[in-house]
Amino acid sequence: MIERITSGGPWEDQIGYSRAVLAGDHAFVSGCTSTVDGEVVHVGDPYQQTRTAIEIALWSLERLGLGREHVVRTRMYVTDAAFSSDVGRAHSEFFREVRPAASMLVVAGLIDPRQLVEIEIDAYRGAS
């Protein structure tokens with residue numbers, strides 16, 4: 001069984017994707033940024049943008065019946081390597097105890113130039 005959820009974000013309908021998909025025991029959260037109600041928040045602050053993006057991703061998992069303890073992989077896309085400490089600090093605040101597999105990649109840019117970071121999360125709800 002596959003379950004899809006939407007957050008009502010501005011690009012979901014335009015591009016044609018779900019905020020998160022649960023396929024059996026595996027959950028996949030699409031890239032989350034610090035866009036709230038269609039507006040980028042915390043402009044210029046990679047730490048707060050990361051916190052907001054992770055909060056949106058975890059909210060999506062909760063709608064599927066999963067929590068941060070189910071997270072097995074995260075991907076952090078940053079627009080400048082200089083943001084790595086701030087992004088890593090925010091990530092650690094959420095996942096220090098969970099310790100998912102993680103990647104941080106520097107990218108040329110995101111869909112809105114005010115966005116400094118995008119987060120993807122994969123989770124697994126099977127027996128540990």
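Reply: This is a predicted model: local features need pLDDT of at least 70, side-chain atom pairs count only at pLDDT 80 or more, and totals for chains, interfaces and linings use all residues. Residues are numbered from 1 along each chain as its sequence is written, and side-chain values use heavy atoms, without hydrogens and water.

Me: What makes β3 and β8 a pair?

Reply: Two strands pair if DSSP finds at least two bridges between them. Strands are DSSP runs of E, at least two residues; helices are runs of H or I, at least four. Strand β3 (residues 26–32) and strand β8 (residues 117–124) share 5 bridges and run antiparallel. Phe28 stands opposite Asp122 in β8.

Me: How many bridges join β6 to β8?

Reply: There are 7, and β6 (residues 71–78) runs antiparallel to β8. Here Arg73 stands opposite Asp122.

Me: Which residues of α2 are called buried?

Reply: Buried means under 20% relative accessible area (1.4 Å probe, protein chains only). Among them in α2 are Tyr47, Ile54, Leu58 and Leu61.

Me: Why does the chain's radius of gyration agree with a compact globule?

Reply: The radius is taken over C-alpha atoms, and the globule rule is 2.2 Å times the number of residues to the power 0.38. For 128 residues that gives near 14 Å; the chain has 14 Å, so the two agree.

Technical notes:
Buried means under 20% relative accessible area, exposed over 50%, partly exposed in between (1.4 Å probe, protein chains only).
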